[in-house]
Structure formats: C-alpha cells, structure tokens
Amino acid sequence: MIKKTFLLALPLALAACGSPQESEDPATQSDEVWDTATLVVGENGMQKRYGNGMGFARFGGSRESADKLLEVAFETVPEKSSSEECGAGPMEFSGVGPLQVAYQDDRFVGWFLRESDDVMTIDGVQPGVTKLSDLKQDFEVREIDSTLPGEFEFTTSSYGTIRGFSEGDEITALQAGMSCFFR
C-alpha cells in the first residue's frame, strides 16, 4: 500500500519542483503585473516583456546581457560602481533608479530593489507598496534572526525564495542572489 501511494505521489511531487526555466514561463505570469511593471525581478534574475516576446537576464549570465536588459527597460544607461569590501568578495554593480544589479567576474549574480513604482516581482510584490502582513497572508514568510534588522525571506509562487527587509509592516527592500551585505 505504501509503495502504491509513493508511486502515485511521485509524479505530482516532481511536477511541483519544476526547473528554473519552467518557472519563468511567461504564460504562467499575471497580466496585471505586466500591465504596470517596467521590469520584473525574481529568484532567478530579471525579465522584460516585449509585446508577445520576453527578454531575460538570468543569474550566471553575462554582465553585458543584464546591462542591456536594464538599458532597454529603463531607456537609460545604468550607472556603474564597484566594491572590494563585500562579504561575498569583490563585486561590481549597475544601478538604475531603485534597482541595483550585482556582478562577479562579469557574471550577473544578484539584485537589490528599494521602493519602486515600476519594478516588482512576478507575484506583484513591491517595496513601499506591499505590506509585510499582506505578504504573510499570501506566501510562506520566514523571519530571519540576523544582524540586519527586519530581514525575512518568502517563498514565491514558483517555489523560489526572495529575501526582504522591513520596518514594522512596511517592506523597504527586496533582494535575490548574491549580495554585498555583512551579517
């Protein structure tokens, strides 16, 4: 009986896991997000919708492609900076407005987002707009015991994780991938 139950449950469990590429499928994404977002960030990188097409910059991809996506999405060249003093080692950055993108060895490795009207996650989560209490109602949220105040992590609708920071009920920032934080 146990063996039969396991064999019946196995395909469902494997289907729930999916691959990063499958979780980024534009067909599974909310049209409401695409109606308001200039750029969408997620646990695997960033994406921009172009009519019926989609532009992606995934973690591990080249800095050139990620910077090009930023330039096209925001119609401006990103500002570049660097830091030799990051916990993860020396990093370079490209920034546009409230979004900072991190690179190591010319590879896209992370992003950090402050309050924004036009950048959000595929689930519609936005710093300065989404309340932490609302996020807890819709997603699995884990508060993190950290030296960084208000740090939390939530599981996205595609079963990845994004970190965030809050002051009270206000989400002040979101982050995925590698960062330059000292904990």
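This is a predicted model: local features need pLDDT of at least 70, side-chain atom pairs count only at pLDDT 80 or more; totals for chains, interfaces and linings use all residues.
1. The structure holds one disulfide. Its partners are cysteine 86 and cysteine 180, with an S to S distance of 1.8 Å. The torsion about the S-S bond of cysteine 86 and cysteine 180 is about -90°, so the disulfide is left-handed.

2. Cysteine 86 sits in the loop between strand 4 and strand 5 (91-96), and cysteine 180 in the segment after strand 12 (170-177), so the pair ties together parts that are 94 residues apart in sequence.

3. The two cysteines fall into separate accessibility classes. Cysteine 86 has a relative accessible area of 7% and is buried, because buried means under 20%. Cysteine 180, with a relative accessible area of 26%, is partly exposed.

4. On backbone torsions, most residues other than glycine have a negative phi. Glutamate 75 is not a glycine, yet has a positive phi of about 55°. Glutamate 75 belongs to the loop between helix 4 (63-74) and strand 4 (79-83). The relative accessibility of glutamate 75 is 73%, so this residue counts as exposed; the cut-off for exposed is over 50%.

5. Aspartate 106 also has a positive phi, near 60°, in a residue other than glycine. Aspartate 106 is placed in the loop between strand 6 (99-104) and strand 7 (107-114). With a relative accessible area of 48%, aspartate 106 is partly exposed.

Note on methods
Residues are numbered from 1 along each chain as its sequence is written. Side-chain values use heavy atoms; hydrogens and water are left out. Helices (H or I, at least four residues) and strands (E, at least two) are DSSP runs, numbered from the N terminus. Buried means under 20% relative accessible area, exposed over 50%, partly exposed in between (1.4 Å probe, protein chains only). A disulfide is a pair of cysteine sulfur atoms within 2.5 Å.
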